[in-house]
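Please look over the sequence and the structure before reading on. The notes after them are grouped by topic.

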Amino acid sequence: MKAPTFIRNILLTGCLLSSLVSQAEQSDWKEVVTHDIPYRLLCVQDQWPFEVHYNAQVQEELSSYLRTGRREAEAMLGRTPQYFPIIEHYLKVYQLPEELKYIPLLESRLHPAVESAAGAVGLWQFMPGTATGLGLHINGYIDERRSPYQSTETAMRYLSRLYRQFDNWALALAAYNCGPGRVRQAQQQTGCSSFWDIEHKLPLQTRRYLPRLIATIYVGEFYEQHGLRPKQHQYHASHFRVFRIHHSVELDEIARYCEVSLPWLRALNPGYLGDYAPRQKTPHYLILPEQALPYFARYIDKESRKVGTDYAIAVLDSQWKRRAATGG
């Protein structure tokens, strides 16, 4: 049965409008990738710690962030207030380039408990062997790869070591992805010292690593120009404090005492595999939201009297940059 003429006209008009919108979007995107993005990258070329190439791979990654994956990009950016204060703290401690804070966006989309198919875990995606070799603990109670605080300090130490080996951030980042041995082998095979000159000798994932990081840093720096709005997350804290603890930790007891929901406390401290972790040779770390701090101060007093030493010591405040700027 044929559709009435007026219905066919409506359908044809709808298809035409859809086609025009699609063509307009394509035209707008072409302008963005051929003019706007290259111009912005040119402006920051001398500020980033490695040579920026704007190639087809970078364009492909940017398209996945800014077109097909906008919702996930906004969710990822919404996690930065929870983790960037910790990362920026250690970048300052180890005097490393600020752009390195975007590595966990590429590695894990800032999911501290995410696990890859190969077994890499955490913000920085450490494999078990690499993690234990760098001093992180993995046992039945904790997986420090999942701890935002401990994994970040470890990542900074490792990146510092790689940079000392290669004296070049592009090569250090390639080594972070595939191991320093593979990068040195590629250098020996080519006689070259530039990532862009040895990339064809590196594994496919590593060849794509620097272009993907360039795209990720760009999105982190210029997301507002593309209309992205970071999405706030239920269990993240607007301000928080990190404590070092040389004793056992009971999350359920701390949650009750500090009047914080246990799911929230677990979300802030994904390095704990359960609600209890026994004392160990190295300290535990606990992240608490600002509203829990007065209660936790009393909890510290109570536990300190019980164990005879300081139960917990504050080591990082997420507001440190604001306080430094205001002289507070």
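What follows is a short briefing on this model, beginning with the whole chain and ending with single residues.

The model is predicted, not determined by experiment. The protein has 16 helices and 5 strands. Of its 328 residues, 47% are buried. Among contacts with a separation of 6 or more, 66% join residues 24 or more positions apart.

**The nonpolar core**

- In soluble globular proteins, nonpolar side chains tend to be buried together.
- The largest nonpolar core here has 96 residues, and the members that touch the most others are F50, W124, I254 and F296.
- Helix α12 gives the most to this core, with 9 residues.
- F296 touches F243, I254, C258, L286, L288, Y311 and A312, when residues up to four places away in sequence are left out.

- Helix α3 covers residues 70-78, and its buried residues are A73, E74, A75, M76, L77 and G78.
- The elements that cover these buried residues include α2 (56-68), α4 (80-94), α5 and α12.
- Helix α2, one of the covering elements, contains Q57.
- Q57 has a relative accessible area of 18%, which is under 20%, so Q57 is buried.
- Leaving out residues up to four places away in sequence, Q57 touches R208, P211 and R212.

**The largest pocket**

- Rolling a probe the size of a water molecule over the atoms shows where empty space is left.
- The largest pocket holds about 490 Å³ of space.
- Its lining is made of 21 residues, and those nearest the centre of the pocket are E107, A120, Q125, N177 and Q205.
- Helices α5 (103-108), α8 (169-178) and α12 (209-222) each supply at least two lining residues.
- Helix α8 gives the most to this lining, with 4 residues.
- Sorted by class, the lining of the pocket has 11 nonpolar, 7 polar and 3 charged residues.

**The cavity**

- How many cavities of 30 Å³ or more are there? The count is 1.
- The largest cavity holds about 100 Å³ of space.
- It is lined by 14 residues, and S147, Q150, G271, Y272 and Y285 are the closest to its centre.
- Strand β4 has the largest share of the cavity lining, with 3 residues.
- Sorted by class, the lining of the cavity has 7 nonpolar, 5 polar and 2 charged residues.

**Cysteines**

- A disulfide is a covalent bond between the sulfur atoms of two cysteines.
- The count of disulfides in this model is 0.
- Is C192 buried, partly exposed or exposed? C192 counts as partly exposed because its relative accessibility is 27%, which lies between 20% and 50%.

**Loop residues and backbone angles**

- Most residues other than glycine have a negative phi, and most peptide bonds are trans.
- R109 is not a glycine, but its phi is positive, at about 55 degrees.
- R109 lies in the loop between α5 and α6 (128-133).
- With a relative accessible area of 22%, R109 is partly exposed.
- E259 also has a positive phi of about 55 degrees without being a glycine.
- The loop that holds E259 runs between α13 (251-258) and α14 (262-268).
- Why does E259 count as exposed? Its relative accessibility is 60%, and exposed means over 50%.

- Q47 sits in the loop between α1 (5-44) and α2.
- Q47 is exposed, because its relative accessible area is 55% and the limit is over 50%.
- Along the chain, Q47 and E99 are 52 residues apart, and their C-alpha atoms are separated by 9.2 Å.

Note on methods
Residues numbered from 1 in each chain as written. Predicted model: local features only at pLDDT ≥ 70, side-chain atom pairs only at ≥ 80, totals over all residues. Heavy atoms only, no water. 1 Å grid on protein atoms, 1.4 Å probe; cavity = no way out; pocket = protein on both sides within 12 Å on 5 of 7 lines; lining within 4 Å. Points joined across faces, edges and corners; volume = space filled by probe spheres on them. Nonpolar A, V, L, I, M, F, W, Y, C, P; charged D, E, K, R; others polar. Disulfide = S-S within 2.5 Å. Buried < 20%, exposed > 50% of the residue type's maximum accessible area, 1.4 Å probe, protein only. Contact = heavy atoms within 4.5 Å. Core = buried A, V, L, I, M, F, W, Y, C linked by side-chain atoms within 4.5 Å.
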